[in-house]
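Visitor: Could you walk me through the aromatic rings of a protein model, one question at a time?
Guide: Gladly; please look at the sequence and the structure first.

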Amino acid sequence: MAQDKPISVSSQAELNALFKSTTYVVVDFYADWCGPCKTIAPRLEELASQHSLPGHFAVAKVNVDHARDVAAQYAISAMPTFMFFKEGRQVAVNGNPLVKGANLPVLKEAIEKLSALARKKAQAATS
């Protein structure tokens, strides 16, 4: 399955399945009513399209109003919140364990870094 756009996740089970199948995952916790979420969404789609690599790097979106259990699991209190995962464990990227708010420069830098790590790992696996 091509992952050229963010993957909608509606349950912890779906998120866990993504973690098992994909090394690096960026998760966007958002709400439909959130203005900053709407503002950053098109840029996030562009970044996902540019950087997604099936099995190695993906961007996921979790609607906090539809997946309250997932939002609660990660103590989400502000939207958007972006979290970074490697092999299902939260990691810090460039010193940031998460990004709260529509901070595109920091988010873009984090996605580019994780994507580069994913591509390096993918290349090593095929060598």
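**Aromatic rings**

Guide: Phenylalanine 19, at 8% relative accessibility, counts as buried, a word that means under 20% relative accessible area, with exposed over 50% and partly exposed in between (1.4 Å probe, protein chains only). This is a predicted model, in which local features need pLDDT of at least 70 and side-chain atom pairs count only at pLDDT 80 or more, while totals for chains, interfaces and linings use all residues. Residues are numbered from 1 along each chain as its sequence is written, and side-chain values use heavy atoms, with hydrogens and water left out.

Visitor: How many aromatic pairs are there?
Guide: Rings of Phe, Tyr and Trp (its six-membered ring) pair if their centres lie within 6.5 Å; planes under 30 degrees apart count as stacked, over 60 as edge-to-face and the rest as tilted. By this rule, the count of aromatic pairs is three.

Visitor: What kind of pair do phenylalanine 19 and phenylalanine 85 form?
Guide: The centres of phenylalanine 19 and phenylalanine 85 are 4.6 Å apart. With 35° between the planes, the pair is tilted.

Visitor: Is phenylalanine 85 buried or exposed?
Guide: The relative accessibility of phenylalanine 85 is 2%. Phenylalanine 85 therefore counts as buried.

Visitor: What kind of pair do the rings of tyrosine 74 and phenylalanine 85 form?
Guide: For tyrosine 74 and phenylalanine 85, the ring centres are 5.5 Å apart. Their planes stand at 75°, so the pair is edge-to-face.

Visitor: Is tyrosine 74 buried or exposed?
Guide: Tyrosine 74 has 18% relative accessibility. Tyrosine 74 therefore counts as buried.
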